[in-house]
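Here are some notes to read alongside the model. Please have the structure open while you go through the points.

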Amino acid sequence: MKRRHFLKLLGATTTLTVAGRLYAAPQADMRLLVIFLRGAYDAANVVVPISSDFYYRSRPTLAIARPNPADANAALPLDGDWGLHPALKDTLYPLFKQKQLAYVPFAGTDDVSRSHFETQDTIELGQSINGSRNYRSGFMGRLAEQLANSQPMAFTDQLPLVFHGGNAPIPNMALNFVGKPNIDDRQIKLIESMYQGTKFAPQVAEGFAVRDEVYKEVTAEMQEANRNAVSPKGFELAARRIGGLMKERFNLGFVDVGGWDTHVNQGGAAGYLAGRLGELGRGLAAFAKATGPAWNDTTVVVISEFGRTFRENGDRGTDHGHGSVYWALGGSVQGGRIVGDQIKLEQKTLFQNRDYPVLNEYRTVLSGLFRRIYGLGDERLQKIFPTVQPKDLTLV
């Protein structure tokens with residue numbers, strides 16, 4: 001049930017008129033979950049620019065084939081210009097077909113540092129990059145202040161920057177990390193004790209030491225980019241619990257999911273990225289199912305700090321880019337669409353000859369979405385994103 005119909009059935013009479021449009025008064029009972037994909041996911045291989053010949057020339061090993069019902073590895077058609085990664089066929093594609101999922105390409109920030117840390121901070125703070133930063137004030141903390149009876153919750157190891165500020169403390173709850181080596185320290189000691197006193201003892205001990213060293217080296221950069229975010233597999237396992245908690249108690253949530261920094265062997269229709277997308281998709285589907293009827297009053301927004309290079313690199317991966325694709329899904333979302341300003345993808349339209357440009361600045365998109373969800377007027381929106389003009393993409 002779309003939100004406008006839901007409000008009509010409730011007999012809502014308190015309204016707000018802004019720029020000739022009619023909005024409901026602030027509705028704190030509407031649920032919002034923001035999911036931050038830390039590490040900068042490769043948007044071009046998730047929402048695939050199937051009408052761009054330049055895309056296929058730029059990615060000789062990574063490109064997702066154009067839609068073809070006979071090819072299980074081909075993109076799933078969204079519209080004439082865009083397709084969806086096949087790893088999401090059974091989870092998110094049905095939501096798109098049910099008009100409960102929309103995508104916003106060419107989205108992001110005007111921060112061009114291509115630094116994970118700096119750009120993540122930029123987005124979570126929701127402040128202009130031209131001037132000093134107030135690290136005690138994140139945009140979801142400010143949003144919580146503007147909503148009566150908001151019940152915020154961060155499903156993170158530590159309180160994220162996005163929830164800093166506000167008059168009341170915001171709780172956080174760590175999700176179990178999944179993705180470390182399968183054999184833990186207790187099991188290692190048991191195995192080593194089995195070989196104690198034998199000629200194999202040194203090799204066993206050395207083998208575990210090398211394993212740990214290689215694991216640390218391989219994952220060091222990704223873990224830094226992830227900032228202790230839960231893995232996609234961890235999110236898949238925890239999403240049902242998050243959905244239950246937001247259904248019963250919390251109406252404003254944030255969770256970060258790591259594992260998206262794909263410099264090497266990213267894969268195309270199959271491989272590393274496809275595996276992470278499958279986990280994320282199953283997690284989102286589990287979350288939607290766990291919310292039950294509350295899904296009709298829930299909006300989930302998926303964002304990332306930036307996109308990745310349009311061309312694949314020499315290691316069959318992609319490097320730090322600029323523009324990305326944001327997602328909005330939920331029972332109140334007016335989905336089944338690709339929304340926002342767009343441009344034909346050719347070499348001449350790339351940002352700095354390498355990346356997606358940013359045509360839909362994240363604060364304007366989120367500000368317009370908050371107006372739609374909560375009926376917030378200009379004065380309240382300015383307290384969340386100062387000096388920003390909301391962009392109404394009719395997402396809900």
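1. Strand 3 and strand 10 (residues 298–304) run parallel and are paired over seven bridges. Two strands count as paired if DSSP finds at least two bridges between them. Helices (H or I, at least four residues) and strands (E, at least two) are DSSP runs, numbered from the N terminus.

2. A word on the source: this is a predicted model, in which local features need pLDDT of at least 70 and side-chain atom pairs count only at pLDDT 80 or more, while totals for chains, interfaces and linings use all residues. Residues are numbered from 1 along each chain as its sequence is written, and side-chain values use heavy atoms, with hydrogens and water left out.

3. Strand 3 also pairs with strand 9, again in the parallel sense, through six bridges. Here Val34 has Phe254 in strand 9 as its bridge partner.

4. How many residues of strand 3 are buried? Seven of its seven residues are, where buried means under 20% relative accessible area, exposed means over 50%, and partly exposed lies in between (1.4 Å probe, protein chains only). Arg31, Leu33, Ile35 and Leu37 point one way, Leu32, Val34 and Phe36 point the other way, and all are buried.

5. Arg276 and Glu279 meet at 2.9 Å, N to O. They sit three residues apart in helix 9 (residues 272–291), so about one helical turn separates them. An α-helix has 3.6 residues a turn, so residues three or four places apart point the same way. Both Arg276 and Glu279 are buried.

6. The other salt bridge joins Arg372 and Asp392, at 3.0 Å from N to O. Arg372 lies in helix 10 (residues 362–374) and Asp392 in the segment after helix 11 (378–384), so the pair ties together parts that are 20 residues apart in sequence. Are these two residues buried or partly exposed? Arg372 is buried at 15% relative accessibility, whereas Asp392 is partly exposed, with a relative accessible area of 28%. Elsewhere, salt bridges that share partners join Arg38, Glu124 and Asp256 into one network.

7. Do take a look at helix 8 (residues 232–248). Its 17 residues should span 24 Å at 1.5 Å a residue, and the end C-alpha atoms are 24 Å apart, which agrees; the expected span is 1.5 Å times one less than the number of residues. Where does helix 8 bend? The bend is at Ala238, by about 45 degrees, taken as the angle between axes fitted to the seven residues ending there and the seven starting there.

8. The buried residues of helix 8 include Phe235, Ala238, Ile242 and Met246. Among the elements that cover its buried residues are strand 3, strand 9 and helix 9, with contact meaning heavy atoms within 4.5 Å.

9. Now to Asp355, in the loop between strand 12 (337–338) and strand 13 (360–361). Asp355 counts as buried because its relative accessibility is 0%. Its side chain makes a polar contact of 2.4 Å with the side chain of Arg114 and another, of 3.2 Å, with that of Arg354. A polar contact is a pair of N or O atoms within 3.5 Å; within protein, one must be able to donate a hydrogen and the other to accept it, and residues adjacent in sequence count only if both atoms are side-chain atoms. Leaving aside neighbours within four places in sequence, Asp355 has contacts that include Arg308, His320, His322 and Leu350.

Notes. Salt bridge = Lys/Arg side-chain N within 4 Å of Asp/Glu carboxyl O.
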